[in-house]
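Please read them with the sequence and the structure open beside you.

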Amino acid sequence: MDPRRVGTMKENLACDYLQAKGYRILKRNFFCRNAEVDIIAKSPENVLCFVEVKYRKDDRYGKACAAVDHRKRARIVRGARVFLSGKDAYWNMAIRFDVIAIDGEEIQHVQHAFYAEE
């Protein structure tokens, strides 16, 4: 199967998972120059979450969560900053960076997976 199609399917699965937990999806696939965020959602606790979705069919190349390296984290943080710029409604909200790791059929939601580095 086409990797993009698999990625879209796993992002759909992640959105369904988050919505079942009470999250409201605000934006999917937010792209800007040198930055990207898979899912931007509001948690039931009113926290603005920037979520990276990673999928691994098996652990031949390691676990899905381990694939979110420092370069990927930096791109997500840049994307979050761009998303927040000019959106005054979100500035008073707490934010966090999460990872939805999908290893085979297992879904793991890692809250506070990393922090924005100054």
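1. A residue is called exposed when its relative accessible area is over 50% and buried when that area is under 20%, with partly exposed in between. The model is a predicted one, and the terms are applied to it in that sense. A20, which lies in helix α1, has 69% relative accessibility and therefore counts as exposed. Between the C-alpha atoms of A20 and A66 the separation is 25 Å, while the two residues are 46 apart along the chain.

2. The sheet is open and has 5 strands, which follow the order β1-β2-β3-β4-β5 with mixed pairing. Its edge strands are β1 (24-32) and β5 (106-114), each of which pairs on one side only. On average, and with direction ignored, neighbouring strands are turned by 30° against each other. The pairing of β1 with β2 (residues 35-42) is antiparallel and runs over 7 bridges; within β2, E36 is the bridge partner of F31.

3. Helix α2 (residues 70-84) lies across β1, β2, β3, β4 and β5, and runs at about 60° to β2.

4. Which residues have the most contacts inside the largest nonpolar core? They are I40, L48, F50, F83, F97 and F114, in a core of 19 residues. Two or more residues come from each of β2, β3, α2, β4 and β5, and α2 gives the most, with 5 residues. F114, leaving aside its neighbours within four places in sequence, is in contact with V68, R73, I76, V77, F97 and V99.

5. The aromatic side chains deserve a separate look, as the structure holds 5 aromatic pairs. In the pair of F50 and F83, the ring centres are 6.1 Å apart and the planes stand at 80°, so the arrangement is edge-to-face. Because F50 lies in strand β3 and F83 in helix α2, this pair ties together parts that are 33 residues apart in sequence. F50 is buried, with a relative accessible area of 0%, and F83 counts as buried too, at 5% relative accessibility. Both belong to one aromatic cluster, formed by F30, F50, F83, Y90, F97 and F114.

6. On the cysteines, the structure holds 0 disulfides. For C15, which is in no disulfide, the nearest cysteine sulfur is that of C49, at 12 Å; since its relative accessibility is 4%, C15 counts as buried. C32 is likewise in no disulfide, and the nearest cysteine sulfur to it, that of C15, is 18 Å away. With a relative accessibility of 25%, C32 counts as partly exposed.

7. Leaving aside its neighbours within four places in sequence, S43 is in contact with Y23, C49 and R96.

Terms used: Residues numbered from 1 in each chain as written. Predicted model: local features only at pLDDT ≥ 70, side-chain atom pairs only at ≥ 80, totals over all residues. Heavy atoms only, no water. Pairing = 2+ DSSP bridges. Helix = DSSP H or I, 4+ residues; strand = E, 2+ residues; numbered from the N terminus. Axes fitted to C-alpha atoms, helices over the stretch in contact; angles between N-to-C directions. Contact = heavy atoms within 4.5 Å. Disulfide = S-S within 2.5 Å. Buried < 20%, exposed > 50% of the residue type's maximum accessible area, 1.4 Å probe, protein only. Core = buried A, V, L, I, M, F, W, Y, C linked by side-chain atoms within 4.5 Å. Phe/Tyr/Trp six-rings, centres within 6.5 Å; stacked < 30°, edge-to-face > 60°.
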